[in-house]
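Take a look at the charged side chains in this model. The paragraphs below go through their pairings one by one.

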Amino acid sequence: MGSGYMLLALLIMGASWLVSSTLKSKFEHYSKLYLQNGMSGKEIAEQMLHDNGIYDVKVISTPGMLTDHYNPADKTVNLSEGVYNQRNAAAAAVAAHECGHAVQHAKGYQWLTMRSQLVPVVSFASNIVQWVLLGGILMIKVFPSLLFIGILLFAATTLFSIITLPVEYDASNRALAWLKDKRMVNQAEYAGAEDALKWAARTYLVAAIGSIATLLYYVSIFMGSRERE
């Protein structure tokens with residue numbers, strides 16, 4: 001199982017690198033595809049919020065690249081510097097996607113609600129899970145329950161990764177539907193936005209697969225120790 005897991009881990013790391021590199025390349029490519037309507041990412045976001053009857057969400061700029069996110073706690077759509085002021089297909093895609101999360105929040109989308117409820121648990125688990133798992137493996141013969149606790153903590157983070165998938169895919173679907181229905185982009189711009197969001201979603205898919213594989217690896221170690229007792 002050890003060598004098998006190492007091979008799987010290497011494959012997942014390779015897939016993660018490939019997807020991340022492709023996403024960056026796609027973003028750079030579609031950043032050169034300027035919108036005919038001349039709207040910035042900020043304006044795209046504000047228009048989508050308005051068209052969905054959402055008036056209590058602010059669109060603000062946040063430092064960094066690909067740091068875009070929606071914060072349900074303070075109802076803000078945070079757009080990175082490469083999206084907020086830019087007027088291209090990549091910016092339109094990202095801005096609309098983040099507003100898709102705001103629409104989910106406004107409509108009480110079940111998967112987003114579940115993910116939000118898990119945030120405190122995952123924040124706590126993420127801070128200590130690696131130490132608990134390491135201690136559990138080192139002390140597996142004298143204190144196997146510690147590894148079991150680590151597995152439970154890691155399972156929470158894995159569940160979060162799995163729940164994130166429908167949340168992200170749905171936000172992209174909402175974004176693309178709005179861009180198309182409201183004719184915010186032409187055919188070429190829409191194809192670029194769709195392609196960019198497709199690769200963005202794949203980063204979450206690879207992360208979820210990696211988390212599941214790692215969880216199963218720790219479970220196999222725990223079960224193996226139980227069988228040897």
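Predicted model: local features only at pLDDT ≥ 70, side-chain atom pairs only at ≥ 80, totals over all residues.

Is Glu43 buried, partly exposed or exposed? Glu43 is partly exposed, with a relative accessible area of 33%. The side chain of Glu43 forms a salt bridge with that of Arg87, at 3.2 Å from N to O. Glu43 sits in helix H2, while Arg87 sits in the loop between helix H3 (81-84) and helix H4 (89-107), so this pair ties together parts that are 44 residues apart in sequence. Arg87 is partly exposed too, at 37% relative accessible area.

Stay with helix H2. Here Glu46 and Lys42 meet through their side chains in a salt bridge, 2.8 Å from N to O. Both belong to helix H2 (residues 41-51), and they are four residues apart, so about one helical turn separates them. Glu46 is partly exposed, with 34% relative accessibility. Lys42 is partly exposed as well, at 24%.

Now turn to another pair. Asp195 and Lys26 form a salt bridge between their side chains, with an N to O distance of 2.8 Å. Asp195 is part of helix H7 (residues 187-227) and Lys26 is part of helix H1 (residues 2-30), so their contact ties together parts that are 169 residues apart in sequence. What is the setting of each partner? Asp195 is buried, at 12% relative accessible area, which is under the 20% cut-off. Lys26 counts as partly exposed, at 23%.

This pair does not stand alone. Lys198 joins Lys26 and Asp195 in a network of salt bridges. In total, the structure holds seven salt bridges.

Methods:
Residues numbered from 1 in each chain as written. Heavy atoms only, no water. Salt bridge = Lys/Arg side-chain N within 4 Å of Asp/Glu carboxyl O. Helix = DSSP H or I, 4+ residues; strand = E, 2+ residues; numbered from the N terminus. Buried < 20%, exposed > 50% of the residue type's maximum accessible area, 1.4 Å probe, protein only.
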